[in-house]
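Subject: Structure handover

Dear colleague,

Please find below the structure that I am handing over to you. A short account of the findings comes after it.

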Amino acid sequence: MTKTALRIAALAACAVLSVAAAPKGGAAKKPAPAASTNWNGVTAVTADGSHRLGNPEAPLKLVEYVSYTCPHCAHFHKEADPVLRLTMVPKGQISVTVTNFLRNPIDLTVAMLTNCGDPKRFFVRHNTFFASQEKWLAKAEATSREQQQRWYQGDFPTRMRAMAGDLGFYDQTAAWGLSRAQTDQCFANTAMLDKLKGQQGEVQALGLQGTPSFTLNGELLDGHDWATVSKAITDKQAQQRAGNI
């Protein structure tokens, strides 16, 4: 495995109005203030093991197909995540689902770790790996041939343990309160491994060629950046408002 091969990453609310009944013979009371939900705090695991953030009944449903070793994915995340989390997601206007696009063994290792622990903390782990991508990807490019060979030999848990040790992932999971033994148990989670493999079937069915890729309300978008997604969201909102006053 050459260093060129390791540069794989570079190629790539509910508002419920309650009106109290007016006392007999009295004036009607004003409606109570609308209760609101901040949908940023609502997460769920979908049937295929993907993770959804936001209102499950949102009129806009964005699915992101991402590779953790893809710098373009990290750049998209840096641009899009703050905008969506500060505007549309908390209002319940859009939900965001993250599905893994596995391009290499490092992607698989990180995906197993983002799924390690409380599912409600998935997006914390997801954000952390993208925020620190440049650091651990540099370690991957600096590893020796002997280290890289261990990543491609043996069963999956053995290979993932080797990558986690070489790239400093055990330090990251320790910061989340997971011991090395607990992290290794996550690598041995065959049910999670099967779900990640299943997600690749969806990737293939859609004919995805690059990362990041997106669907909006089930429609595959042509571009691979925030400018494309942002325009598609704006256009879809305009379509949904058409005819409404």
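Predicted model: local features only at pLDDT ≥ 70, side-chain atom pairs only at ≥ 80, totals over all residues.

Residues are numbered from 1 along each chain as its sequence is written, and side-chain values use heavy atoms, with hydrogens and water left out.

Cysteines

A search of the whole structure gives one disulfide, the term being used for a pair of cysteine sulfur atoms within 2.5 Å. The partners are Cys116 and Cys186, with 1.9 Å between their sulfur atoms. The link joins distant parts of the chain, 70 residues apart: Cys116 is in the loop between helix H3 (105-114) and helix H4 (122-131), and Cys186 is in helix H9 (residues 180-187). Helices (H or I, at least four residues) and strands (E, at least two) are DSSP runs, numbered from the N terminus. The link is right-handed, with 65° about the S-S bond.

Cys116 has a relative accessibility of 3% and counts as buried; Cys186, at 16%, is also buried. Here buried means under 20% relative accessible area, exposed over 50%, and partly exposed in between (1.4 Å probe, protein chains only).

Cys70 is buried at 0%, and Cys73 is buried at 1%.

Nonpolar cores

A nonpolar core is a set of buried Ala, Val, Leu, Ile, Met, Phe, Trp, Tyr and Cys residues joined through side-chain atoms within 4.5 Å. The largest one has 48 residues, and Leu84 and Ile233 have the most contacts inside it. Helix H3 supplies the largest share of this core, six residues. Apart from this core lies another, of five residues, including Tyr65 and Phe101.

Beyond its neighbours within four places in sequence, Ile233 is in contact (heavy atoms within 4.5 Å) with Leu60, Leu84, Met88, Ile94, Leu216 and Trp226.

Backbone

Most residues other than glycine have a negative phi, and most peptide bonds are trans. The peptide bond from Thr211 to Pro212 is cis, with omega near -5°. Pro212 is in the loop between helix H10 (190-206) and strand E5 (213-216).

Asn217, which is not a glycine, has a positive phi of about 50°. Asn217 lies in the loop between E5 and strand E6 (219-220) and is partly exposed, at 32% relative accessibility.

Yours sincerely
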